[in-house]
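User: I am new to reading protein structures, and I would like to learn how single features are described. Could you take me through some of them slowly?

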Amino acid sequence: MEENREIEIDLRKVFMMLRKKAAIILIISFIGAALSGCVTNLLIKPKYTAGVSFYVNNNNDNLVGSTGTITSSDLDASERLVNTYMFVVNSRTFLNKVADKLADGTTATQLSKMISTSQVESTLAFQVNVTTENNQFSADVANIIAELAPDEIVRVLEVIDYASAPSKPSSPNLKKNVLIGFAVAFVAAFAVFFIKELFDTRIMTESDLTRDFDIPVLGTVPRLLPVDEKKSLHNGATMEDVANQISGKKGE
């Protein structure tokens, strides 16, 4: 007949162990954060993002200065056209025109990996972002897109903002990576000590004995110290100092 042995988790015991290991866990966490920061600064190349924004207007009369009003149907049609215009900006035909304008050997395929488009919330505007490892190149590509896009989508697209060379990289995010490194190291250290304590079957105290074997404790044997060790304790030394002293004598 097989016995089903249940593993009981003494959360108080685990908590006390983790309190003792708190300093080590924090040290490991800060080491993880420092390593993440070093990797971010030394191994990951910074990238810069420059963007231009466009406004989609479906009322042609307003584009030429008419005093007519924009109806709700005009707004609805313009909002539906935003996705179409973002698709045009990402099309191979349009990117080939941008590549020809750059005239530096950059291909449409390479440009497609640099460019991202997104609608500005639920408005009639959308953003085109260009991300490269050179801040000025990002701005140049974005401004060429702003220059060519209105001609590509005749009289329905207006430029809101032109791009300027970014002063700070858009990636990598040093603060975010440091926090991630700290969190990962903290969780890893916590898990190691928790699992170690969970599967530690050694009997350390009376409560461990009664909990694991469910038998009464008739008595305990106190730890007897030699006379010289007792004197050390009376002179202000701690048990840890005495233990170190015993270890030193054994080593001799």
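**Reading contacts, rings and patches**

Analyst: Once neighbours within four places in sequence are set aside, T40 is in contact (heavy atoms within 4.5 Å) with P172, L174 and N177. This is a predicted model, in which local features need pLDDT of at least 70 and side-chain atom pairs count only at pLDDT 80 or more, while totals for chains, interfaces and linings use all residues. Residues are numbered from 1 along each chain as its sequence is written, and side-chain values use heavy atoms, with hydrogens and water left out.

User: Where does T40 lie, and is T40 buried or exposed?

Analyst: Helices are DSSP runs of H or I with at least four residues, strands are runs of E with at least two, and both are numbered from the N terminus. T40 lies in helix 2 (residues 22-42). Buried means under 20% relative accessible area, exposed means over 50%, and partly exposed is in between, with a 1.4 Å probe and protein chains only. T40 has 4% relative accessibility, so T40 counts as buried. A polar atom of the T40 side chain also lies 2.8 Å from the backbone oxygen of S36.

User: How do I read a pair of aromatic rings, and how many aromatic pairs does a search of the whole structure find?

Analyst: A pair of aromatic rings is described by the distance of the centres and the angle of the planes. Rings of Phe, Tyr and Trp (its six-membered ring) pair if their centres lie within 6.5 Å, and planes under 30 degrees apart count as stacked, over 60 as edge-to-face and the rest as tilted. The search of the whole structure finds five aromatic pairs. For F182 and F186, the ring centres are 6.4 Å apart and the planes lie at 15°, so this pair is stacked. F182 and F186 are four residues apart in helix 8 (residues 174-198), and therefore about one helical turn separates them. F182 is partly exposed at 25% relative accessibility, and F186 is partly exposed at 33%. Ring pairs link F30, F182, F186, F190 and F194 into a cluster.

User: Which residues make the nonpolar surface patch?

Analyst: The patch, of about 460 Å², is made by L26, F30, F186, V187 and F190. Helix 2 and helix 8 are the elements that give two or more residues to this patch, and the largest share, three residues, comes from helix 8. L26 lies in helix 2 and is partly exposed, with a relative accessible area of 38%.

Terms used: Polar contact = N/O pair within 3.5 Å; in protein donor to acceptor, adjacent residues only side chain to side chain. Patch = residues over 30% accessible without salt bridge, like charges linked within 9 Å, V, L, I, M, F, W, Y side chains within 5 Å. Areas by Shrake-Rupley, 256 points an atom, 1.4 Å probe, with all protein chains shown as cover. Salt bridge = Lys/Arg side-chain N within 4 Å of Asp/Glu carboxyl O.
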